[in-house]
Amino acid sequence: MLGVLIISHGDLAAGLLNAAEMIMGAQEQVRAEGLQPEMSPESFGETLRAAVKELDSGDGVLVLADLFGGSPANTAAYLLHEEFNVDVVTGVSLPMLLEVLTARMGKDLADVADLCATAAGQGVQKLSDVFSGNN
């Protein structure tokens, strides 16, 4: 099974995981890590490396980061150049996370990473348009 590592500034990652587990139940091979103000990028990088090693059962790890260009995503980008089977997708949202958790069984890392953009786009709806039929 594909491992999932959710990363963010502060406690957002933990909140997303909590919400996903409220909807889907407890999840295996999923971890949330937040960059806290007292952490250096180097110590956060070590935390990410340890998490990837823990989560990878052979199918790889998808890292879901909160913000493109932010310190958590930039730190995770270094994992792409190391000897890990990882991919990093930014802009994590609850719809994206739910799609990943649903699809990660039996699909490879690249396929699940590709699903993220679709899930993210479908998760954004202007409800006044939805209810008026203008979508």
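Predicted model: local features only at pLDDT ≥ 70, side-chain atom pairs only at ≥ 80, totals over all residues.

Q: Which residues touch the most other members of the largest nonpolar core?
A: A nonpolar core is a set of buried Ala, Val, Leu, Ile, Met, Phe, Trp, Tyr and Cys residues joined through side-chain atoms within 4.5 Å. Buried means under 20% relative accessible area, exposed means over 50%, and partly exposed is in between (1.4 Å probe, protein chains only). The largest core here has 20 residues, and the ones touching the most other members are Val4, Ile6, Leu62, Leu64 and Leu97.

Q: Which elements give two or more residues to this core?
A: Helices (H or I, at least four residues) and strands (E, at least two) are DSSP runs, numbered from the N terminus. In soluble globular proteins, nonpolar side chains tend to be buried together. Here the elements giving two or more residues are β1 (3-9), α1 (12-24), β3 (61-65), α4 (94-103) and α5 (109-122).

Q: Is leucine 109 buried or exposed?
A: Leucine 109 sits in helix α5. Not counting residues up to four places away in sequence, leucine 109 touches Leu2, Asp59, Val61, Leu62, Asn85, Val86 and Asp87 (contact means heavy atoms within 4.5 Å). Its relative accessible area is 10%, so leucine 109 is buried.

Q: How far apart are the C-alpha atoms of leucine 109 and glycine 3?
A: Along the chain, these two are 106 residues apart.

Q: What do the buried residues of α5 pack against?
A: An α-helix has 3.6 residues a turn, so residues three or four places apart point the same way. In α5, the buried residues are Leu109, Val112, Ala113, Cys116 and Ala119. They pack against β3, β4 (86-90) and α4.

Q: At roughly what angle do the axes of α4 and α5 cross?
A: Axes are lines fitted to C-alpha atoms, for helices over the stretch in contact, and angles run from 0 to 180 degrees between N-to-C directions. The axes of α4 and α5 come within 8 Å, and they cross at roughly 145°.

Q: How many nonpolar residues does the contact of α4 with α5 have?
A: The α4 side brings Pro95, Met96, Glu99, Val100 and Ala103, while α5 brings Val112, Leu115, Cys116, Ala119 and Ala120. Ala, Val, Leu, Ile, Met, Phe, Trp, Tyr, Cys and Pro count as nonpolar, Asp, Glu, Lys and Arg as charged, and the others, Gly among them, as polar. By class, the contact has no polar residues and one charged residue, and its nonpolar residues number nine.

Q: What is phi of glutamine 29 near?
A: Most residues other than glycine have a negative phi. Glutamine 29 lies in the loop between α1 and β2 (30-35), and it counts as partly exposed at 22% relative accessibility. Its phi is positive, near 55°.

Q: Which residues does serine 57 touch?
A: Serine 57 is in the loop between α2 (41-55) and β3. Although serine 57 and leucine 2 are 55 residues apart in sequence, their C-alpha atoms are 7.5 Å apart in space. Not counting residues up to four places away in sequence, serine 57 touches Met1 and Gln29.

Q: What is the relative accessible area of leucine 67?
A: Leucine 67 is placed in the loop between β3 and α3 (71-77). Its contacts, leaving out residues up to four places away in sequence, are His9, Ala73, Thr90 and Gly91. Leucine 67 is partly exposed, and its relative accessible area is 47%.

Notes
Residues numbered from 1 in each chain as written. Heavy atoms only, no water.
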